[in-house]
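Thanks for making the time this morning. I would like to walk you through one model, a piece at a time, and I will give the cut-offs as we go.

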Amino acid sequence: MSKRLELRLRKFFNIPRKGETFEFREGLVSQYADERKDTIQRVIAAMTVGKDVSSLFPDVLKNIATHDLEQKKLVYLYLMNYAKTNPELCILAVNTFVQDTEDPNPLVRALAIRTMGCIRVDKMVDYMEIPLKRTLKDDNPYVRKTAAICVAKMFELNSALCLEQGFLDRLLEMIDDSNQMVVANAISALTEISKSTRTQMLNIDSKILKKLLMTLNECTEWGRISILTALVDYDADDVNEVQHMIDRISPQLQHENPAVVLSSIKVLINQMDKISEEQREALLKRLSSPLVSLMSTPPEIQYVALKNIRIILEKYPQVLSRELRVFFIKYSDPLYLKLEKIDIMVRIANESNGLLLLAELREYSMEIDLEVVRRSVNAIGQLAIKLSKISKKAIDVLYELFINRAEYVLDQLVIVLQNVLRKYPKEYLTTVITIISDLNFEDINDAESISSYVWIIGEYSREIPHLETKLTNLVKQFQEMDPLVQSTLLTTIVKINLTKPTPVTQKLLQQVLNEATTEVENADVRDKAYIYWRILSTDNESLQKKVILNKLPILESTIDKFPPLLLNELIHELSNLGSIYYKPASSFIGTGDHDLINSSSLQTKRLEELQQMAKNEIVNKTVKAENLLDFDDDEDVGQSPPPTDNGTSSVSGGANILDELNDLFSGLSYTQPAAGSNGDTKNSALFDLMNDTNTLSGPSTSTDKKDSNSNDLLNLF
Amino acid sequence: MGNIFSSIFGKLWGINKDIRILILGLDGAGKTTILYKLQMGEVVKTKPTIGFNVETLTYKNISINMWDLGGQTSIRPYWRCYYANTAAVIFVVDSTDKERIDVAKKELHMMLKEEELTESALLVFANKQDQPGALTAAEVSKALGLVDLKDRSWSIVASSAIKGEGLTEGLDWLIDVIKEEQM
């Protein structure tokens, strides 16, 4: 007794340990119920602001068994968050979970099964089976619909158990459920499972279709989305069925949730191929107003809508042809939206609204925001190329922009001019030449723009005044330029020398060729220079002109398009993340970890196999070669082992023979040109050229031969 | 305001205060059956407890929080999580399970060594007396080595959870001890 007293006294005088965690722990095991609940609330508050309270796990867990729904929810929330940090301790909650799934209150039953599904701990799965089975057959639809989603969660953790217990069959039965929420959740669980396993778990037939279409109108918005998503893959039997689908789904186009609208559009568009031309036209007309209504949503959603509209427009360009004004930029739009809108407008533009758009774009090109200006100048060019009727006006606008001398426009302007010339090589030449001749390349900064500038000079060298000065200025900085510009400049100078050679240009040609082959690091530029050099040394001027002065095909459009396969996939995945990235979902959603590990191990395995095969082949071949080539060492042939799979002796033997073979071939390669020079002079000339250029010390020779024309240059070699 | 007063007075006079009692023992000893027999007065069909059950019962004007912890080998290590603020421990022994009585003894003594339990009273139920071949309370006491326990109020009661025999007697004793200590 005295000892106990002593203990109690010691405890009394003990300085209490300090710290928030200690306080929490004390509170959680308090003898007063309200104090415990209060502490749980504080713990959750700490959790939500990002403090790590995982060390309190067992103490919080103790409070799970309570009849206070609020407290239960809080503890469940904590459990979901920290189950991963204490997987072993999770089983302490199992008993309460199982009991709660039998609770008279359906909210508690659903809460328990939902939380159980969210605790992604392997040990939990074993105990989930019975409660899940029970809740899937619950009388209350709210519990059933929660359990349906849990099947998908459990499937991810343990698919074998799910199949074994017939949970998937139960899900399929649930499609027939009387409650629409249950149906919707069963559908979304099945879709989820189908996606993760890449097998079709849900085979919609016309009976299920009818049921789903009936359910559609009564569902919550998220239920509608999952049903609509499931319907995308449906392959209708006949036109009547499609018509029925269209009739049922069309009302959804008026829904206020943009995701529902886009999902409905997705389903309808994917059924379009099956209906007649007139019906399709009518349907497309009906699609335009919901798409327009998406433009009155917050900017983020508008952005998503625009990205999707872009895909739809590419498949059915006529959809929004009358709705240009909706996409006009508002001053308050964020930048990303403005750029996207300009893109869409150019796509919508046609003969009737082209002028309106041009006027609008002209306004945009005087905005403050550089990005918008650049994009609008580009759009004016796209418009000019797309609609030949208004191209004259578009060029006028461009010229006006140039006259105003807004520096930031110039870069984009030059690129646009190049594209315009490629579509209309003659019509607007005078305007373009005026602009280009008035422009120095120092005025433009962007590599692509300079490259366009250089291209125009080369293509229309006859019309450009002060050509030689311009070229000399350009060549002076040849080495500092971007490879793209170097490459274009190279071509341009070669072209000019074929069309209008002067002593100055010839000197420039030599200088550029020398610098490109000896100083430039970029392999492409160097190779291009070599090719030109060799062609120029053929002495066949008509051939040179044929190769170098070949006209480019007329540019049809500068509006980029998706490849048809990608477009089909994107149409199929409308209103998903993939439609924003413009990538099919399969390309950025990785397969599960299992698959990754499997495939990589498989790959290494395959690699090993291939290596082994390659080794065998070498061994076999060398042994054969040995038989053929080895004339003087007959004894060796007799002794050498027959071709075996991976006999090391034969490999090492083979290595020696390989060396011999190499020697033999290198000898051949020496003799080949000599033999060629007897027969084919062209070949040898080229070969000599190569040798010479290799031995040339660029700058010194080029300065020596200042006055030589191109023929002289060639004779030099 | 009223709330604050009531909670302050509650704390002063020990009203609203829950007394924590743990029910421990090997798996299959009858802990869950005892808990629900005490709480509801009826025998419920039980499954092995994975985790714990907790029920509040009011006995002689005292509100008691009864914690029934699962007794399976895998869960026993987690008993320690529940020791804090525990007024008493009820240790249930299956009197017919002679083979595992040594295991029970080991678990019991390991538990009693815990610092957090130095003040807790101990009540042992020698359960399943209704079954033939059950050890008597005295035999169980000897097998568990209860006599060696010093500085702790303890008691052993022969019980049958199914018939409800011995449970109230045991609890009466426990409550008396707790009252004496806390008041």
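Let me begin with chain A, where, among contacts between residues at least 6 apart in sequence, 67% join residues at least 24 apart; by contact I mean that the C-beta atoms of two residues, placed from the backbone, lie within 7 Å. Please keep in mind that this is a predicted model, in which local features need pLDDT of at least 70 and side-chain atom pairs count only at pLDDT 80 or more, while totals for chains, interfaces and linings use all residues. Residues are numbered from 1 along each chain as its sequence is written, and chains are lettered from A and ligands numbered from 1 in the order in which they are written.

Chain A has 39 helices and zero strands, where helices (H or I, at least four residues) and strands (E, at least two) are DSSP runs numbered from the N terminus. Of its 717 residues, 34% count as buried, a word that I use when 20 or more other C-beta atoms lie within 10 Å of a residue's own, with 12 or fewer making it exposed and anything in between partly exposed, the C-beta atoms being placed from the backbone.

As one example, take helix α2 of chain A, residues 20-28, whose buried residues are A:F24, A:R25 and A:L28. Seen down the helix axis, these buried residues fall within an arc of 100 degrees, taken from the directions from the axis to the C-beta atoms, so they line one face of the helix. They pack against α3 (33-48) and α4 (57-61) of chain A.

Turning to the interface, 21 residues of chain B are in contact with 19 residues of chain A. On the chain B side, strand β2 (residues 52-59) gives the most, with three residues.

Finally, which residues does UniProt list for "binding site"? The unreviewed entry lists B:T32 and B:T49, in the numbering used here and with feature names shortened, and such annotations may be inferred rather than shown by experiment. They span 18 residues in sequence, yet no two of their C-alpha atoms are more than 7.7 Å apart, so they gather at one spot.

B:T32 lies in helix α2 (residues 31-40) of chain B, and it counts as buried, with 24 C-beta neighbours inside 10 Å. B:T49, in the loop between α2 and β2 of chain B, is likewise buried, with 22 such neighbours. Leaving aside residues up to four places away in sequence, B:T49 touches A:N95, B:T32, B:D68 and B:G70.
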